[in-house]
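User: I have a model open and want to go through it with you. Can you start with the terms, then take my questions as they come?

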Amino acid sequence: MKKSLDNQIVLEASASNSYLAMACWCEVTGYQGSANYFYMQSDEERTHMLKIVHYLNNLGEVANIPAIKAPLHSYKSLEDLIKTALKSEQSVTKAIHAMVEIAQKEKDHSTYVFLEWFVNEQVHEETKFETLLQKFDLIGRDKLAINEIDKILAADASAPVDPAI
Ligand SMILES: [Fe+2]
């Protein structure tokens, strides 16, 4: 179980770095709303990582802080970037579900309950990116449409932060 939780720290830290790189690309490309959104998303992933770090440390286990592989720095389009984000969330969901199974198998009830928050969070994360991807079909992919989608991301980024995240 400890090994899986350490591995999850790697995944959350990688997601945080990857969203930070996405924010940089958006900012330089002129998608300021999307940049704000992904800067926020990067902070969120860091808080997910910290949840696991504190959980392990509170149990008297020392959380393993890993080196992180460099994320992608460039994308074909905003849509391509959001597709990459969705894929990354889908693989995080798989890893969390695998951890839940380990917790069940090992009858580790406290970790099982601890992971419940992450299971719900992943549903929320995947829905967020799926909904954003739908916008490209609904609004379009020309410059004006992308500008509208960037505004939607800007609005999401300035929405009040959910205290549960
Ligand atoms: Fe996360």
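Analyst: Two residues count as in contact if their C-beta atoms, placed from the backbone, lie within 7 Å. This is a predicted model, so local features need pLDDT of at least 70 and side-chain atom pairs count only at pLDDT 80 or more, while totals for chains, interfaces and linings use all residues. Residues are numbered from 1 along each chain as its sequence is written.

User: Fine. What is Met-22 in contact with, leaving aside neighbours within four places in sequence?

Analyst: Met-22 is in contact with Phe-38, Leu-81 and Ala-85 on that count.

User: And which residues touch the most other members of the largest nonpolar core?

Analyst: Met-22 is one of them, along with Ala-23, Cys-26, Phe-38 and Leu-78, in a core of 19 residues. A nonpolar core here is a set of buried Ala, Val, Leu, Ile, Met, Phe, Trp, Tyr and Cys residues joined through C-beta atoms within 7 Å. Buried means that 20 or more other C-beta atoms lie within 10 Å of the residue's own, exposed means 12 or fewer, and partly exposed is in between, with C-beta atoms placed from the backbone.

User: Which elements give two or more residues to this core?

Analyst: H1, H2, H3 and H5 do. H1 gives the most, with six residues. Another core, of five residues, lies apart from this one and includes Leu-5, Ile-9, Ala-13 and Met-49.

User: Back up a bit. How many helices and strands does the chain have?

Analyst: Five helices and zero strands. Both are DSSP runs numbered from the N terminus: helices are H or I with at least four residues, strands are E with at least two.

User: Now H2. What does its buried side pack against?

Analyst: Helix H1 (2-29), helix H3 (78-105) and helix H5 (143-158). The buried residues of H2 include Tyr-37, Phe-38, His-48 and Ile-52. H2 covers residues 32-58 and reaches 39 Å from its first C-alpha to its last, close to the 39 Å expected; the expected span is 1.5 Å times one less than the number of residues. Just after H2, Gly-60 takes a positive phi of about 90°.

User: Where is Lys-107, and is it buried or exposed?

Analyst: Lys-107 is in the loop between H3 and helix H4 (109-139). It counts as exposed because it has 7 C-beta neighbours inside 10 Å. Its phi is near 50°, a positive value in a residue other than glycine. Most residues other than glycine have a negative phi.

User: Last one, H5. Which residues are buried there?

Analyst: Ile-146, Ile-149, Asp-150 and Leu-153. Seen down the axis of H5, they fall within an arc of 105°, so they line one face of the helix; the arc is that of the directions from the helix axis to the C-beta atoms. What covers them includes H2, H3 and H4.

User: And what sits on the face turned away from that buried side?

Analyst: The exposed residues Leu-144, Ala-155 and Ser-158.
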